[in-house]
Amino acid sequence: MVQAFIISLKKGSSANMEWQEPLFHNYARILQDKTFQTAMGNTFLYLIIEVPIMLILAILLAQILNNKDLKFRGLFRTMVFMPCAVSLVSYALIFKSLFATQGLINAALMNLGIISENINWLGTTFTARAVIIIGLIWRWTGYNMVFYLAGLQNIEYSVYEASKIDGANGWKTFWYITVPLLRPVIVMTAIMSINGTLQLFDESVNLTNGGPSNTTITMSHYIWNLSLGQGVAKFGYASALAFVVFILVGILAFINMKVGDKRD
Amino acid sequence: MKKKLLSMMLATALVTTSFVACGGSSDTAATTGGDTATADAATEAEEEEVVDLGGTSEDPNTLTVAAWDENFNIPALEAAATAYQKENPDFKLEIKTLSGSSDVEQAVTLAGSSNDYSQLPDIVLFQDHYIQNYVANYPDAWQDLEGADIDWSDFGAEKLSYSTIDGKHYGAPVDNGTCVFAYRIDILEQAGYTIDDVTGITWDRWLEIARDVKDKTGYALLSMDHSGDDLPYMMLQAEGQSQWKDGKPNLVGNETFKKIIEVIVQGANDGTILLANGWTEYTDNTIKGDQVAGVFNGNWIIPTIESNEAASGKWEITTIPTLSGKEGYASNGGSSLYITGNCEKVELAQAFLAYTFGGGEGAMETYDNALRNGGVITTCVSASKSDVYNEGVAFFNDQPIYTTVVEYGTHVPTIEQNDYHYTLRTSVGNLITNVQNGADIDAEIENAQSEVEFAMEE
């Protein structure tokens, strides 16, 4: 980390790095970097839309799959968790072929008569972003669900029984008992999801390659482009950007813990 | 107590994940990507270790070389080794086969960063578009070819312009990036055209013909990946112009460039130029999937065209349209062999390269076998006089395409190159997407120019 910080104050190729002048020039440069601003905007857009949907879905799925009377619970749990065991790159490539202009999704929609001509999913800003978000939700919901399941199993059944006796309905039980008791787990999953989303890389690279016109590029993808992606290495500047991402993750996690932590 | 434990765990989780966050930047430092043809695939190798290139050999008659592509460059190297053994029977060439060009780039970056070049072999194959940048960034990683007995005038000047740095020749050319414009003559015929009707025409006329072909047959006349990708570069080169001038991007106020963008956008809007999302869609869906009646790219695209066997005998190649209507020539991609800074047997390496790829006595044998076994086409004019080069190719309606390509290669204008080639390509691609979506072309050109200029600042 210290090394990365030192590099972030330098310029030139990795064989022959010199100090930047003025020393914090790389950081000053970030403020003028329009591509980085776009990348940051995109990343936060993914964050704001994807994380809440995913966590709510995960908690609801966990609730359903925690039902003692449900048959084949193990099977369903495994099925929901499965996407998480798939390699990031291969799932991105599968999504890419599904959503290709001549892909399965278009073919299915055409045959159902929902659309009249093929949609260029990955070539249009709005749909490309949607595909990335759908991909993320598919990949990570099961992962978060496992944490919630573990959390739910720590809640004594007697608590639920007590609330039932007090006349609470299903929704009330969920809202006033399950959610508060799950709070530590929720805080943890939120931090991890935020962190993961800020470092989003594979989806942007493999699904859309940042396109169309950089409207789906993420911060990590841009950093990678700067350091290695386009044959022109700017390790110094890339390190500076990586540091900014690191600080952002830290700040968001801190806020999250403050908000989530209701200890007296 | 429980809460304290939990908060400890959370703090640990935060710290570890943050370490991962910075670790990410140094991990990626060991990787690289971006072969024009394998950009998509290269990203898949993102988490792989840097490949060991094998270093050098202690035997005085053995050279080591690292190269990629078993179906292309490796047969060429084997052919050269066999040819040189006639001159020097003790000679041995140890070939390390790599999965892609990025392996070499990674290894050089790593060696340069750690200032330890001992892992590099005697000779490496390296991409033309990247070499200037790597020689500038890691000067100790290379040795020039000035002492070698090579007649440089025997090669296409444009090819050599990549590997010549500060007036010194560094690379021995292997393949040839000369562009071909291939057409499906049966589809042209259905629409009432011949190959001559699309040779030496203006882009405006080409757009007309393309619309006609599209109306009558349903085929598009050209495809390219992403937002045009190498198309603006190649079209501009055919005009004899570059996107660069005196080391700066030359987009604003460049009328030729603007017209070319207008042609691409017009074609895309007409549906006569298909812009695919990515390389695989370009090769597999548009070309192999039989959606286009024309292919325009470096001649290394020929094997892709040939993989659709049903179309055998129905293709022919010709030159590129231009804005003025003269026949255009361009080049895209390719690689050359370079002697590394770690090579101690420089004389042997130079003699080997000069005798084989460098147009010496073994050149004709080398290049004939390279073509037969790997489909590698040379830029060496004297070597292309052989019978193998002058045979008609059945897939291309018995046209002798190999000698034709070498002949085209001698006409390709040398244009200004820049380390930021791919940065500019990305910006121009974005420009095309935005103009296609209705943005103002002049404003977008200014945007692209300032974007590239910003990226070039230290």
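Biologist: What covers the buried residues of helix 10 of chain B?

Modeller: The cover includes helix 8, strand 9 (222–225), helix 9 (231–238), strand 12 (273–276), helix 17 (421–436) and helix 18 (441–456) of chain B. Contact here is taken between C-beta atoms, placed from the backbone, that lie within 7 Å. Please keep in mind that this is a predicted model, where local features need pLDDT of at least 70, side-chain atom pairs count only at pLDDT 80 or more, and totals for chains, interfaces and linings use all residues. Residues are numbered from 1 along each chain as its sequence is written, while chains are lettered from A and ligands numbered from 1 in the order in which they are written.

Biologist: What makes a stretch count as a helix or a strand?

Modeller: Both are DSSP runs numbered from the N terminus: a helix is H or I over at least four residues, and a strand is E over at least two.

Biologist: Which residues of helix 10 of chain B are buried?

Modeller: They are Phe257(B), Ile260(B), Ile261(B), Val263(B), Ile264(B), Val265(B), Gly267(B) and Ala268(B). A residue is called buried if 20 or more other C-beta atoms, placed from the backbone, lie within 10 Å of its own, exposed if 12 or fewer, and partly exposed in between.

Biologist: What makes the phi of Asp69(B) stand out?

Modeller: Most residues other than glycine have a negative phi. Asp69(B) is not a glycine, yet its phi is positive, about 75°. Asp69(B) lies in the loop between strand 1 and helix 3 of chain B.

Biologist: Why is strand 1 of chain B called largely enclosed?

Modeller: Strand 1 (residues 62–68) of chain B has 6 of its 7 residues buried, so the rest of the structure largely encloses it.

Biologist: How do you know that strand 1 and strand 2 of chain B pair?

Modeller: Two strands pair if DSSP finds at least two bridges between them. Strand 1 and strand 2 (residues 92–98) of chain B have 7 bridges and run parallel, so they pair. Here Thr62(B) stands opposite Lys92(B) in strand 2 of chain B. The chain goes from strand 1 through helix 3 (residues 73–87) to strand 2 of chain B, in a right-handed β-α-β crossover. That word applies if, with the strands pointing away from the viewer, the path from the first strand over the helix to the second runs clockwise.

Biologist: How many bridges join strand 1 to strand 3 of chain B?

Modeller: There are 2 bridges between strand 1 and strand 3 (residues 123–127) of chain B, which run parallel. Val65(B) stands opposite Ile123(B) in strand 3 of chain B.

Biologist: What makes strand 13 and strand 14 of chain B edge strands?

Modeller: They belong to an open, antiparallel sheet of 3 strands, ordered 13-8-14 (chain B). Strand 13 (294–298) and strand 14 (315–318) of chain B each pair on one side only. Strand 8 (residues 179–184) and strand 14 of chain B share 4 bridges, with Arg184(B) opposite Trp315(B).

Biologist: Which element of chain B has the lowest mean pLDDT?

Modeller: pLDDT is the predictor's confidence in each residue, from 0 to 100. The lowest mean, 38, belongs to helix 2 (residues 39–44) of chain B, and the highest, 95, to helix 8 (residues 203–217) of chain B. Chain B as a whole has a mean of 84.

Key
Contact = placed C-beta atoms within 7 Å.
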